[in-house]
Amino acid sequence: MPQDFWRHSGFHLLRRDASGRLLVTDDFLRAYYLRPEVRPQEESCANEIALHQALLDAPRRQVEAAEIESMSDVDVRSNYRILLDFRDRLLAAPTLEACYLGLFAGGDVSVPPLFIDQLAQIILRNILEGADDALELRAAELFYREQKANVQAGAVMLADAETIEMHASGSAGGAARGGLVQLIAEAQAPSHRAQVPVQTVDLDVLDSGNTQLYWSRDERHDFVISMNYGRAALTAFCRVLECWILHLSGVKATVSPVPRIEETRWAWHIGLDAQSTALLNDLWRGEDVEPERLKRVLALFRLDFADARDMRADIAGRPVYLALSMGEDAVVRMKPQNLFINLPLARAS
């Protein structure tokens, strides 16, 4: 029987249509109204309390501007405007996936990043339903959670950035920042090493030999993974990329890690983050790239369409190259929307 995961993502509040896409429900909307940014507090005015209750009773009800303006707290008014704008986007789209795709259609994304990341997680939860490889689930966290990278002696290790920050600040009962950097560095991509203790901090390196640990801790975000070429987590990341492309673009493709790009004038590339996009653009144009920028590239991939007819005619049959990089602060901020915004698809006739 498939194991459940990401129970608090909101996925279980949604329904699927006949094609497997997600449909918004009243309970899903109510979960947003219960967020701390809009949930009434002791000092909330009567108008705020009344509107909140009305939305809980009828989550899709139209809210007039005057109802928001009547609330006394300026921050609460702003929060309601943002939330209701997002709600209206959800309701205007036929599915959650369509809403997500529509956010990037105009190039001017006004929805808060938090909501975008939540949608990505929920869509991934739908895509990965029934998955039995926990490494795929951990790799999928890159799509909606920032990762802290550490590269030492050729080992590329990723840990959840928020988890690292909590330990660094002491709020997770962990060691100082230096200890955590040491923790990731000491991991050195072990095959079956379960724990990597440093002072009072213990994080597990998730690999093919201990994936069973993930299922009971899937929402703790306390696993380190190796993104080195040839490692199981990198292969799992490729499988997630393939599933994401198929679900959102309807195109079947194969993604494989590559140690380097052999072509000097490749046909197409997609950066999986802003750093990679800028870097690949510069390399393709033949510009000189500082060694420090090149060192920030963590992984390279080759994407091949299963059917060349799905590609733009002028580059049909040629590979697409992908890159994943960290920023100057060693944080990986993936932009999964790039995989459908920049995919070289054939124009519909």
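A salt bridge here is a side-chain nitrogen of Lys or Arg within 4 Å of a carboxyl oxygen of Asp or Glu. By that rule, this model has 31 salt bridges.

Before you start clicking: this is a predicted model, in which local features need pLDDT of at least 70 and side-chain atom pairs count only at pLDDT 80 or more, while totals for chains, interfaces and linings use all residues. Residues are numbered from 1 along each chain as its sequence is written, and side-chain values use heavy atoms, with hydrogens and water left out.

**Stop one: a bridge between loops.** Select Glu263 and Arg318, a salt bridge whose closest N and O atoms are 3.0 Å apart. Glu263 sits in the loop between β8 (253–258) and β9 (268–271) and Arg318 in the loop between β10 (297–305) and β11 (320–325), so the pair ties together parts 55 residues apart in sequence. Strands (E, at least two residues) and helices (H or I, at least four) are DSSP runs numbered from the N terminus.

Buried or exposed? Buried means under 20% relative accessible area, exposed over 50%, and partly exposed in between (1.4 Å probe, protein chains only). Glu263 is partly exposed at 24%, and Arg318 is partly exposed at 34%.

Now pick Arg309 and Asp307, which meet at 2.8 Å, N to O. Arg309 is exposed at 69%, whereas Asp307 is partly exposed at 26%. Next, select Asp282, Arg285, Glu287, Glu290 and Arg293 together: salt bridges link them in a network. One of its links is Arg293 to Glu290, with the closest N and O atoms 4.0 Å apart.

**Stop three: the core.** A nonpolar core is a set of buried Ala, Val, Leu, Ile, Met, Phe, Trp, Tyr and Cys residues joined through side-chain atoms within 4.5 Å. The largest one has 91 residues, and Tyr100, Phe237, Trp244, Phe301 and Leu322 have the most contacts inside it. Helix α10 (residues 232–249) gives the most to this core, with 10 residues.

Zoom in on Leu322. Leaving aside neighbours within four places in sequence, its contacts (heavy atoms within 4.5 Å) include Leu241, Val255, Ile270, Phe301 and Leu339.

**Last stop: helix α5.** Which residues of α5 (residues 96–103) are buried? Select Leu96, Glu97, Cys99, Tyr100 and Leu103.
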